[in-house]
Amino acid sequence: MSLFAVGLGSTPDDLLAILGLAIALSAYLSGIRLYARQRIADIPENDPQRDERKRKIQIKLALLTLADAPMVFSAFLLGLTVLWYPVTGFRPNASFVPLGMGLFLFAGVAMVIQHMLAWYDTLSELIDHVALNIMLVMLIVAGVLWWIFLYLEQH
């Protein structure tokens, strides 16, 4: 939450730091996308399950877009905010920072959810589902308690 508040301060240094994070995360997501597309290309033509395997990867790519597209647009808007005045001499649109930060936050949450789903898939192959569900409930309870304590501390 403090990162979001710092970004709304609109100082060039703060926005430049967040812009750097957005660009780095965009590059990370782009690398994942390129790897997935290469996996599609590596599926042999004579594989009887080619279409099914290709479709599974394409679905994951579509889900990746939920984080990738907002991150790219966030970097674009924050980049315009930081660079618009020095380059053109005109003030950037006032809505660029809140919109860019909102997209950054949305993309970050989407990445966290996607990572948690991937962890669940990985662990479900290794651990009995009952034990995995108990661990998941415990993590959710711990997260809710952590959020409550942070909320109470701030108010």
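View 1. Leu136, Val137, Ile140, Val141, Val144, Leu145, Trp147, Ile148, Phe149, Tyr151 and Leu152 together make a nonpolar surface patch of about 1,100 Å², in a model that is predicted.

**View 2. The bend in helix H3.** Here we follow helix H3 (residues 50-88), which bends by about 35° at Val82. A proline, Pro86, follows within four residues. Just after H3 comes Gly89, with a positive phi of about 85°.

**View 3. The surroundings of Thr81.** Thr81 belongs to helix H3 and is buried, with a relative accessible area of 14%. A polar atom of the Thr81 side chain lies 2.9 Å from the backbone oxygen of Leu77. Setting aside neighbours within four places in sequence, Thr81 is in contact with Leu15, Pro92, Phe96 and Val97.

**View 4. Salt bridges in the model.** The structure holds four salt bridges, among them the one between the side chains of Arg33 and Asp68 (3.3 Å, N to O). This pair links distant parts of the chain, with Arg33 in helix H2 (residues 12-41) and Asp68 in helix H3, 35 residues apart. Asp68 is buried, at 12% relative accessibility.

**View 5. Two further salt bridges.** Arg53 and Asp47 join through their side chains (2.5 Å, N to O) in a salt bridge; Arg53 is partly exposed at 36%, whereas Asp47 is buried at 16%. Glu52 pairs with Lys56 in a salt bridge, their closest N and O atoms being 3.7 Å apart. Both Glu52 and Lys56 lie in helix H3, about one turn of the helix apart.

Definitions and conventions: Residues are numbered from 1 along each chain as its sequence is written. This is a predicted model: local features need pLDDT of at least 70, side-chain atom pairs count only at pLDDT 80 or more; totals for chains, interfaces and linings use all residues. Side-chain values use heavy atoms; hydrogens and water are left out. Patches are made of residues with over 30% relative accessible area and no salt bridge: like charges are joined within 9 Å, nonpolar side chains (Val, Leu, Ile, Met, Phe, Trp, Tyr) within 5 Å. Accessible areas come from the Shrake-Rupley method with a 1.4 Å probe; for residues, only the protein chains shown count as cover. The bend at a residue is the angle between axes fitted to the seven residues ending there and the seven starting there. Helices (H or I, at least four residues) and strands (E, at least two) are DSSP runs, numbered from the N terminus. Buried means under 20% relative accessible area, exposed over 50%, partly exposed in between (1.4 Å probe, protein chains only). A polar contact is a pair of N or O atoms within 3.5 Å; within protein, one must be able to donate a hydrogen and the other to accept it, and residues adjacent in sequence count only if both atoms are side-chain atoms. Contact means heavy atoms within 4.5 Å.
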